[in-house]
Amino acid sequence: MKRHTHHASLIFAVAALVSLLTPELEAAGQAPETGTVKTISLGLVSQIHQKEIEEHFRDFVGYVARKLSSTSEIKGTVVVAPTALQLAKLLEEKRVDFYMESPYPTYLINRQGSARLLLRRWKGGKGEYRGILATSKESGIARLEDLQGKIIAFEDPGSTSAYLLPKVFLLRKGFRLTEKPGLEAKVSPKEIGYIFASTHKNIADLLLSKKVMAGAFSDDDYATLDEKARAEIAILAETETVPRHLVSIRRGLHPEVAKRLQETLLSMHQDDEGRKIMQKMDNTTKFDILPGGEEVVRRKLVELFRFRGKK
């Protein structure tokens, strides 16, 4: 009898301790999330035109918010961060629930542990893309080795297809790459110098005027060059393909919310309203399951971009 009384007292003491700690845990943000949400926030990265970008995606996140619940009203918001790492912080602070980005920024954000991959986005009507290294047919460059001692042009430091993919491709071939301050900079015979040209059109102009000996493009940007320009350009190499765009969700998002979000995006191309909204959103045609699954794509991004080098 005494043993039973002692056991009951112990249970009561533990329960009392838990009840005392619960408010503190909640205040520290450790309380578990529920499947009921009042807002759903989309995160994007841009240093310029942030207001315009926010407005551009407002219909999309509004659509997602309406589809997430049929019983209660959910507000959709758009949050634009100037850098990938600042978006990672917003995800950690739970101020952003999901975001869309190309593979390299996705790698940078998700390696912080603040988010995980969810779906692939067919941006510009494409599920995958690759980088292209090209030269002018009159440059005298016939192979990659001929680029040593020369300057080439990449698009910008955040570009997956027109910087990171071709850079990693050249590094893996054993070439040494060094960023240069301008076109007149000296380049040693054992290195390839590079500059950033901001846009694919600028790269094409630099190529055709022979101010650089090679330039990097995404395959879809290369396809948009006018016929005359493409006729004067020769492709030196092509990188492997990667997903065109990716959707990720923050760590800790309630599984039921994540499931409903995934279902909403996967079916968005199946109704007229969804298709119209996606078309205005950089000609997105659909969202689909990650090819090979989340872990396969995550490992591919890690293998690609951890080798990117500092030069």
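What follows is a walk through this predicted model, from its sheets and helices to its cores and rings. Residues are numbered from 1 along each chain as its sequence is written, and side-chain values use heavy atoms, with hydrogens and water left out. Because the model is predicted, local features need pLDDT of at least 70 and side-chain atom pairs count only at pLDDT 80 or more, while totals for chains, interfaces and linings use all residues.

Let's start with an open sheet. Six strands make it up, in the order S2-S1-S3-S13-S4-S14, and the pairing is mixed. Helices (H or I, at least four residues) and strands (E, at least two) are DSSP runs numbered from the N terminus, and two strands pair if DSSP finds at least two bridges between them. S2 and strand S14 (287–288) are the edges, each pairing on one side only. S14 runs antiparallel to S4, and two bridges join them; Arg-121 has Phe-287 in S14 as its bridge partner.

Now to helix H4 (residues 84–92). Its buried residues are Ala-84, Leu-87, Ala-88, Leu-90 and Leu-91, where buried means under 20% relative accessible area, exposed over 50% and partly exposed in between, with a 1.4 Å probe and protein chains only. Those five lie on the same side of H4 because they cover an arc of only 160 degrees around the axis; the arc is that of the directions from the helix axis to the C-beta atoms. Leu-85 and Lys-89, on the other side, are exposed. The cover over the buried residues includes strand S1 (39–45), strand S2 (75–81), helix H5 (103–110) and strand S13 (245–250). Just after H4, Lys-94 takes a positive phi of about 65 degrees.

Further along, in the loop between H4 and S3, you'll find Asp-97. Is Asp-97 buried or exposed? It counts as buried, because its relative accessibility is 6%. Not counting residues up to four places away in sequence, Asp-97 touches Thr-39, Ile-40, Ser-41, Leu-91, Ser-248, Ile-249, Arg-250 and Leu-253, with contact meaning heavy atoms within 4.5 Å. Asp-97 and Leu-42 are 55 residues apart in sequence, yet their C-alpha atoms are 6.2 Å apart in space.

Next, strand S10. Five of its five residues are buried, and both faces are covered: Ala-214, Ala-216 and Ser-218 are on one side, Gly-215 and Phe-217 on the other. In a regular strand the side chains alternate between the two faces of the sheet. Strand S6 (residues 131–136) runs antiparallel to S10, joined by four bridges, with Gly-131 opposite Ser-218. S7 pairs with S10 in the parallel sense over two bridges, and Ile-152 has Ala-214 as its bridge partner there.

The buried residues of H7 are His-200, Ile-203, Ala-204, Leu-206 and Leu-207. They share one side of H7, because their arc around the axis is only 165 degrees. Lys-201 and Asp-205 are exposed on the face turned away from that buried side. Just after H7, Lys-210 takes a positive phi of about 60 degrees.

On to the cores. A nonpolar core is a set of buried Ala, Val, Leu, Ile, Met, Phe, Trp, Tyr and Cys residues joined through side-chain atoms within 4.5 Å. The largest has 32 residues, and those with the most contacts inside it include Leu-144, Ile-152, Phe-154 and Phe-305. H6 gives the most to this core, with six residues. Apart from it lies another core of 30 residues, among them Leu-42, Ala-65, Ile-74 and Val-80.

Last, the aromatics. Phe-154, Tyr-163, Tyr-194 and Phe-196 form one cluster. Rings of Phe, Tyr and Trp (its six-membered ring) pair if their centres lie within 6.5 Å; planes under 30 degrees apart count as stacked, over 60 as edge-to-face and the rest as tilted. The count comes to 11 aromatic pairs. Tyr-163 and Tyr-194 form a tilted one, at 6.0 Å centre to centre and 45 degrees between the planes. That pair links distant parts of the chain, helix H6 and strand S9, 31 residues apart, and both tyrosines, Tyr-163 and Tyr-194, are buried.
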